[in-house]
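Subject: Structure handover

Hi,

Here is the structure I promised to pass on. Please have a look, then read my notes below.

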Amino acid sequence: MFQTEVDMDLRDSQDAISDLLVAHQWLALHRQAALRMGLMLAASTEFLLFPPRVNQHATGIIMTLYACYSVVMLVYAWRQGPLPHVAWAVPMVDLPAFALLLGVSGTYSDPNWDNPFTSDWLMLVTLLSAFQLRPAVTAVTGGAATVFFCVASGVGHAHAEPDLHFTFGHSLSLAMVSFAAVALSLIQQSRVRQIADLAHRRAVMLAANLSIAERERRDMAESLHDGPLQSVLAARLDVDEVAESVPHEALERADEALRDAARQLRSAVTELHPFVLERGGLQQALHELAQRAGSRGKIATEVVCTARSAGYEADQLLYNCAREFVSNVVKHADAEHLVIRFELDGSEARLTVADDGAGLAQGVLEQRAAQGHIGIASQKLRLHEVGGTLTVRPNTPVGTVITVRLPVPHE
C-alpha cells in the first residue's frame, strides 16, 4: 500500500515536472521566435548596407526564404503547435541557412569583401538554441557552428594568405560562447526541475494536511453525534416525560431550548462531515448545503443536478469544493442569489457555483493566499493532484462563477 502511494507520488512528480518544462519551453519558444525575427532583420539590414560583391541575387533569395521561415516560426510559436521536435529547428534550419548565406555571399571566398559580423551571426544562432531548455540541441548547434567557421574560414581564405590568428581567435570565442550557452541551458533546465519538484512536494504536503483535517472533522462529527447530541435528545425525552405528568411553562421553554440545541448540533455535525453524502450522494448533500447557506446568509439558493453521484471519492472532493465556495459567498460576496450546478457528462464531473455578489477583483485570490487564506488555493491543488481543474471567472452581469472539472472513472 505504502509503496503504491510512493510510486503514484513519483509518477505525479514526473508529470508535474514535465508539465512545467513544457510550459517553460513554450515561453522560451516565444522569446526564441522574437529573437529570430530580430536576427533576420539585422542580417537583412547589414547585407543591404554592405552588399556582397558576388552572388547578390542568390543571397537575396536565401534572405527572403529565411524571412518567410522566421515569420512561420513566429506564428507557430504563438499558436502553440506540437512541441516534440521544434527545438531541432535551430541546428537543422537556422544554422544551415546562415552557413549557406555566408558561403554564397563570398564571406570566405572573396578576398576583397569582408563581413565584420561573420562570427557574430553564428554566435547569435548558438544563443538562439539555448532558449529551449535542451542542452543537447544547444551543444550540437554550438559545435557545428564552431566547426563550420573554423573550416570555412581556413579553407575559404587559403588562397589569400590566411590570418590564422583571426581564424583561431574567433573559433575559440565561438567555442566558448557555445560552451556557455550549453551551461546556461543546463542551469535553466535544473532550475525548472527544482521549481516543479518543490511545487509538487508542496501540493502533496497540503493534500496530506487536508486529508488529516478531513479525518479530524469526521472524528469530531462522530463525537458530537454520539455524545452531546444523544445527551440532548435523552434530556428532551426526560423533559417530555415530566411535562406529560406535570405540565409547566418552564418545561416547555426547556424543551424548546433542547430542541434548538439538537438542531444546532445536527447542523454542526452535518457541516463537519455530511453523513448524507455517504447515504444520499452528492445531489442530496448539495441540497442540504444550499439550504444551510440560504438560512445563514439570507440568500436565495438554487441547486441543479443532472446526476445523483459521481462516486464516493469524487463526491467527497466536489462537496469539499462546494462547501468552500459557498462559505466564501456567504461570508464575503454580499450576494442575493446562489446557484449550485452538478453535472455528470461521460467521464467528467462538473461542479459550478455562481453568485451575483461583489465579485473578485484581479489578484484577490493570490493576495488572500499570501495572507494565509488558502481555501480555494488548496482545493485547486487537490484537484490538480487527481487531474481536475478549477477556473474562476466573472459572472454576468455581476458576481463570480467557479467551475470545477473532475475526471471520474467509468463504472
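The mean pLDDT of this predicted chain is 78, and 76% of its residues reach 70 or more. pLDDT is the predictor's confidence in each residue, from 0 to 100. Over residues 1-13 it stays under 50. For that stretch the model has 6 contacts beyond four places in sequence. Contact means heavy atoms within 4.5 Å.

Two notes on conventions. The model is predicted, so local features need pLDDT of at least 70 and side-chain atom pairs count only at pLDDT 80 or more, while totals for chains, interfaces and linings use all residues. Residues are numbered from 1 along each chain as its sequence is written, and side-chain values use heavy atoms, with hydrogens and water left out.

The whole chain

There are 12 helices and 5 strands. These are DSSP runs numbered from the N terminus: helices are H or I with at least four residues, strands are E with at least two. Of the 411 residues, 40% are buried. Buried means under 20% relative accessible area, exposed over 50%, and partly exposed in between (1.4 Å probe, protein chains only). Take the contacts between residues at least 6 apart in sequence: 74% of them join residues at least 24 apart. The chain exposes about 22,700 Å², and carbon and sulfur atoms supply 60% of that. Accessible areas come from the Shrake-Rupley method with a 1.4 Å probe; for residues, only the protein chains shown count as cover.

Strand E4 (residues 389-394) pairs with strand E5 (residues 400-407) in the antiparallel sense, over 6 bridges. Two strands pair if DSSP finds at least two bridges between them. Thr 391 stands opposite Thr 403 in E5. The hairpin has 5 residues between its strands.

Look at Gly 399, in the loop between E4 and E5. Gly 399 takes a positive phi near 105°. Is this residue, Gly 399, buried or exposed? Gly 399 is buried, because its relative accessible area is 8%. Leaving aside neighbours within four places in sequence, Gly 399 is in contact with Asp 355, Asp 356, Gly 357, Gly 359 and Pro 394. Its C-alpha atom is 5.5 Å from that of Ala 358, 41 residues away along the chain.

Around Trp 88

Trp 88 is in the loop between helix H2 (56-79) and helix H3 (89-104). Its relative accessible area is 30%, so Trp 88 is partly exposed.

Best wishes
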